[in-house]
Amino acid sequence: MTLYLQAIVNGLLLGGVYSLMALGLSLIFGVMRVINFAHGDMMVWGMYLSFWLFTTLGVDPYLSILVTATAVFVLGAGVQRGLVTRILDAPHEMQILLMLGVALILENTALMAFGPDPRRVNTSYALSTFWLGPIVFDLPRTLTFGVALALALALYLFLQRTDLGRMIRAAADNRTGALLVGTDILKVFTLAFGIGAGCVGAAGSLMTPFLPFTPSTGLALTLASFNVVIIGGMGSLLGAFVGGLLVGVSESLGAVLLVPSLKEIVTFVLLVFILLFRPQGLLGGSR
Amino acid sequence: MMRRIGPGLLVGAILVVLPFWIPSNWQNLLISTFYYAYLGQAWNLLGGYAGQLSLGHAAFFGVGSYTAAVLAIHLGLSPWIGMFAGAVLAVLLSQGIGYLGFRFGLRGFYFILLTVAAAEICRLVALHLPILGGYTGLFIQFRPDPWRFQFKGKIPYYFVSLGFLAAASAIVWLVSRSKMGAYLVAIREDEDASEGLGVDTLRYKMLAYALSAALTALGGTFYAYYQFYLQPNTVLSLNHSVDIMIRPIVGGSGTILGPILGSFLLELMGEFSRTMFAASTAGLSVAMYGVLLVVVVLFLPRGVYPTLAGWMRRKSGAAR
């Protein structure tokens, strides 16, 4: 019993970062109806940036979030301004191919810059743990969960309470309507893509203390983000949040019930069922 | 009619004598071009003509390559027969995925994601099946014998891959000229409207999927006996699905010559970046695929061949 409880706790802790990744993807999709196939690769660039800051300047990954989120924000905004904005009205397939191209570029430039060997950020507290009753909490994972949660909450408040946030939500609800009332749609799109990318950049930094990564990790992370938003509901922020926790727990339980290397299969099977019976996702509205 | 047969015969004659006159690295390049053009042609049926983008064709490829190899290793069955067993299994898999996806009305991104998920499940399962060699992969012993699909030298592989490509192109050409081809294009252009006009969209999408999967699986057998090594993380990976898909898209999906032209361009570009920048910059050639994909989407959204053909037509029209 403790084993399963432990697995659920570990899954929830990991699920926090998944939620943050998926929030970024969901925001981009919700506003622009574009699926960011380069999501995981943007995240990997965030990871490498954190790694680089840690090894050269000794900056703690929880601090370098500020840098990585900003840098990946700029990357996302640049991709939006330079590429995505030209194909907003193109068929979905074309948008997917374009983003797939961006993903290949980001992954392989990372490969050229950092090589194929797995990297990780070895902080002094990497192996620290503490106990709550019978359950072990891994310190970096718990910290990551806390920060991810705080960032998700901050994003939610930003979207709900600020003028910029309201503009973004208006553009997501009704692009034409937002244009009619004089919203600077280009600015909103750039901002939304940037924020979505910034979220995943921050999520990347947050994962470095416990997840070894290579340039090809990006693809797995992109797929993980897709799974989360499809399960939770495309374009729904609450869905992305709940979906992240759910996928974290299902992977963690899958690792205990099956073989650890088969853990993703639980998520994929869950995904297939969701696609078939509730394609709008658990918390999504109508498609 | 003669005007079209003449150049065709000339190209055929050149392709037959060509391998005897070129060095072996050029032979490799051409084998690779034919073989990826073949896979692209298979993908083209579903993704190009029927407009159902699949990003999971690695699954059928893997089923085909592993089935033929395992049957040959354990039962001594010739891959020439085993490849059809692989094709049958791939068709069954495609009908499973297709029925689930089409039946439940998954389109666009949702269908793409279903194909990705299916291929990923296949990859994860293959990694855990001891008979397929798991993480270590499956090695095929080299025992040259045409009946075992194993040949000495490159020239037999050249002709086998050329034959595969010619056969697949003929099949796609026949389909495109048939009623089925017209239905598939109608489905691609407007699925609801063609359904309204009485096209059994589910049936024709399933047919296109089956044919596409079977051809892809046969190609997998060729790969197994050209590389002599199979590993789930390469054969069944998402990257491999991208490899299969990118050539017809760059060349022009939904046309016969598109996948062939696309494959030729990509092989040339790959070869160029390999010789120009040496092995030290792993990833550069794939990064250039990425650039190419972006450029094609932004500037040649219909692919290189249709753009080129349209340009030539305008040119000859202006001359007249």
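A: In this predicted model, 21 of the 27 residues of α9(B) are buried, so this helix is largely enclosed by the rest of the structure. Helix α9 of chain B covers residues 201-227, and from its first C-alpha to its last it reaches 38 Å, which is close to the 39 Å expected at 1.5 Å a residue. Directly after α9(B) comes Phe228(B), a residue whose phi is positive, near 60°.

In chain B, Phe149(B) has a phi near 65°, a positive value in a residue other than glycine, and Phe149(B) sits in the loop between β1 (138-139) and α6 (155-177) of chain B. Phe149(B) has 23 other C-beta atoms within 10 Å, and therefore it is buried. In chain A, Arg33(A) is not a glycine either, yet its phi is positive, about 60°; Arg33(A) belongs to the loop between α1 (2-32) and α2 (39-57) of chain A. Arg33(A) is partly exposed, because 16 other C-beta atoms lie within 10 Å of its own.

From there we can turn to the partner chain. Chain A contains 11 helices and two strands, and read along the sequence these follow the pattern α-α-α-α-β-β-α-α-α-α-α-α-α. The radius of gyration of chain A is 18 Å, close to the 19 Å that the globule rule gives for 287 residues, so chain A is as compact as a globular protein of that length. Its C-alpha trace spans about 60 × 45 × 35 Å along the principal axes, and 55% of the 287 residues of chain A count as buried.

The two strands of chain A form a hairpin with two residues between the strands. Strand β1(A), residues 129-132, and strand β2(A), residues 135-138, pair in the antiparallel sense over four bridges. Leu132(A) stands opposite Ile135(A) in β2(A), while Thr129(A) has Asp138(A) as its bridge partner in β2(A). Within this hairpin, Gly133(A) takes a positive phi near 65°.

Finally, the two chains touch: 36 residues of chain A are in contact with 34 residues of chain B. On the side of chain A that touches chain B, the elements giving two or more residues are α4 (92-114), α9 (217-232) and α11 (263-277) of chain A. Among these, α4(A) gives the most, with 15 residues. Sorted by class, this side of chain A has 28 nonpolar, five polar and three charged residues.

Methods
Residues are numbered from 1 along each chain as its sequence is written. Chains are lettered from A and ligands numbered from 1 in the order in which they are written. This is a predicted model: local features need pLDDT of at least 70, side-chain atom pairs count only at pLDDT 80 or more; totals for chains, interfaces and linings use all residues. The expected span of a helix is 1.5 Å times one less than its number of residues. A residue is buried if 20 or more other C-beta atoms lie within 10 Å of its own, exposed if 12 or fewer, and partly exposed in between; C-beta atoms are placed from the backbone. Two residues are in contact if their C-beta atoms, placed from the backbone, lie within 7 Å. Ala, Val, Leu, Ile, Met, Phe, Trp, Tyr, Cys and Pro count as nonpolar, Asp, Glu, Lys and Arg as charged, and the others, Gly among them, as polar. Two strands pair if DSSP finds at least two bridges between them. The radius of gyration is taken over C-alpha atoms; the globule rule is 2.2 Å times the number of residues to the power 0.38.
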